Amino acid sequence: MNLNITLSTQGEDKPTSHNATNMTVDLYEVPTPLVIFLSCCYGTISLVSVVGNLLVLLIVAISRRMRTVTNYYIANLATADIVIGLFAIPFHFQAALLQRWVLPPFMCAFCPFIQVTSVNVSVFSLAAISIDRYRAVIHPIKAKTAKGSAKWAILFIWILGSLIAVPYAMALRVTMVFDPETEEYSKPFCQNVGIPIYWWKVYNYILVCLQYVVPLSVITLVYAIIGMKLKAAPIPGNSEGERDNAVLKNRKKNNGDTASNASGMWAWLRPTTPEATPAGRAGNRDVVPDYRGSRQGGFFSLEFG
């Protein structure tokens, strides 16, 4: 069931004790079974996100071998995901389900600010990882990114992400909206009251570009260049055709050398038997081999007297 509710902010044209505005928001009632089911799902997602990313941080922290520039960026990405799991998923989920703000008023601006900051850090870290890979592949001879430089880059990412999210901290406040049960402006609701509607829309358009369009363009361009570079680079070693021809040529050469060695050995062994001589084949028994050795050409041969 949808409820048409008029929000209230303090204005000069409506001097009431409640905050009044001309905005109208359609709220809805969520069935209790759906609330329980979604609460379990979102709670599981938040728990897995926090525990899994804590394990990533633990591995990078305790293993010296894992402390590389790329892993620093991955650890920074894990930190941003932990912040989202702790401050964004649970609180915004309950506000969407209950259709009222039941948390302390300062968290109305704090939670969205932390969420936007964490999302900014996540996407900027992915872009930084892609740029680091680009330098490693396209310019491998140049000096690698130092760990100190990576830490400064991570600090800059957090500062930039926080500055981009500042309008959320300035705009959102808890105001009272009309409650049909009491027929009064008594339901707390977190909404924008600090920035005009037009500029709030402009800011959100810019935020979409900074969080999605620009990082996606950078990452796509960088990895496309890396892919083309790797595709055009020659594969180490000989190509398949050249390798096969070389193997076949060596095989033929080895077979020829084996046959030549065998024929040479046979020619060297033939004179060593009496039957191999003409006299021996004629049956001349008076021919006695003389086994006095002589050196000829570096080989030992037998002489027949």
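The model is predicted, so local features need pLDDT of at least 70 and side-chain atom pairs count only at pLDDT 80 or more, while totals for chains, interfaces and linings use all residues. Residues are numbered from 1 along each chain as its sequence is written, and side-chain values use heavy atoms, with hydrogens and water left out. The protein chain has 7 helices and 6 strands.

**Overall fold**

- Helices (H or I, at least four residues) and strands (E, at least two) are DSSP runs, numbered from the N terminus.
- Along the sequence, the elements of the protein chain come in the pattern β-β-α-α-α-α-β-β-α-α-α-β-β.
- Of the 305 residues in the protein chain, 30% are buried. Buried means under 20% relative accessible area, exposed over 50%, and partly exposed in between, with a 1.4 Å probe and protein chains only.
- Among contacts in the protein chain with a separation of 6 or more, 62% come from residues 24 or more positions apart. Contact means heavy atoms within 4.5 Å.

**Helix packing: α2 with α3**

- Two packed helices are described by the angle between their axes and the distance between the axes. Axes are lines fitted to C-alpha atoms, for helices over the stretch in contact, and angles run from 0 to 180 degrees between N-to-C directions.
- Helix α2 (residues 69-98) and helix α3 cross at roughly 155 degrees, and their axes come within 8 Å. Helix α2 is therefore roughly antiparallel to α3. In these terms, angles under 35 degrees count as roughly parallel, over 145 as roughly antiparallel, 65 to 115 as roughly perpendicular and the rest as oblique.
- The crossing of α2 and α3 is left-handed. A crossing is left-handed if the near helix is turned anticlockwise from the far one by less than a right angle, and right-handed if clockwise.
- The contact of α2 with α3 comprises 20 nonpolar, 7 polar and 3 charged residues. Ala, Val, Leu, Ile, Met, Phe, Trp, Tyr, Cys and Pro count as nonpolar, Asp, Glu, Lys and Arg as charged, and the others, Gly among them, as polar.

**Helix packing: α3 with α5**

- Helix α3 (residues 106-138) packs against helix α5 (residues 197-232) at an angle of about 20 degrees, with the axes 9 Å apart. Helices α3 and α5 are therefore roughly parallel to each other.
- Helix α3 and helix α5 form a left-handed crossing.
- In the contact of α3 with α5 there are 22 nonpolar, 3 polar and 2 charged residues.

- Ser 118 belongs to helix α3 and is buried, with a relative accessible area of 1%. Leaving aside residues up to four places away in sequence, Ser 118 touches Ala 80, Val 83 and Ile 84.
- Asn 53 is in helix α1 (residues 32-62) and counts as buried at 15% relative accessibility. Not counting residues up to four places away in sequence, Asn 53 touches Ala 78, Asp 81 and Ile 82. Its C-alpha atom is separated by 8.7 Å from that of Leu 77, 24 residues apart along the chain.
- Ser 49 also lies in helix α1 and is buried, with a relative accessible area of 17%. With residues up to four places away in sequence not counted, Ser 49 touches Asp 81 and Gly 85. The C-alpha atoms of Ser 49 and Asp 81 are separated by 6.9 Å, and the two residues are 32 residues apart along the chain.
- Leu 97 lies in helix α2 and counts as buried at 12% relative accessibility. Between the C-alpha atoms of Leu 97 and Leu 38, 59 residues apart along the chain, the separation is 9.0 Å.

**Aromatic rings**

- A pair of aromatic rings is described by the distance of the centres and the angle of the planes. Rings of Phe, Tyr and Trp (its six-membered ring) pair if their centres lie within 6.5 Å; planes under 30 degrees apart count as stacked, over 60 as edge-to-face and the rest as tilted.
- By this rule there are 6 aromatic pairs.
- Trp 200 and Tyr 203 form a tilted aromatic pair, at 5.7 Å centre to centre and with 35 degrees between the planes. These two residues are 3 residues apart in helix α5, so about one helical turn separates them.
- Trp 200 counts as buried at 15% relative accessibility, and Tyr 203 is buried with a relative accessible area of 12%.
- Phe 87, Phe 106 and Phe 110 form one aromatic cluster.
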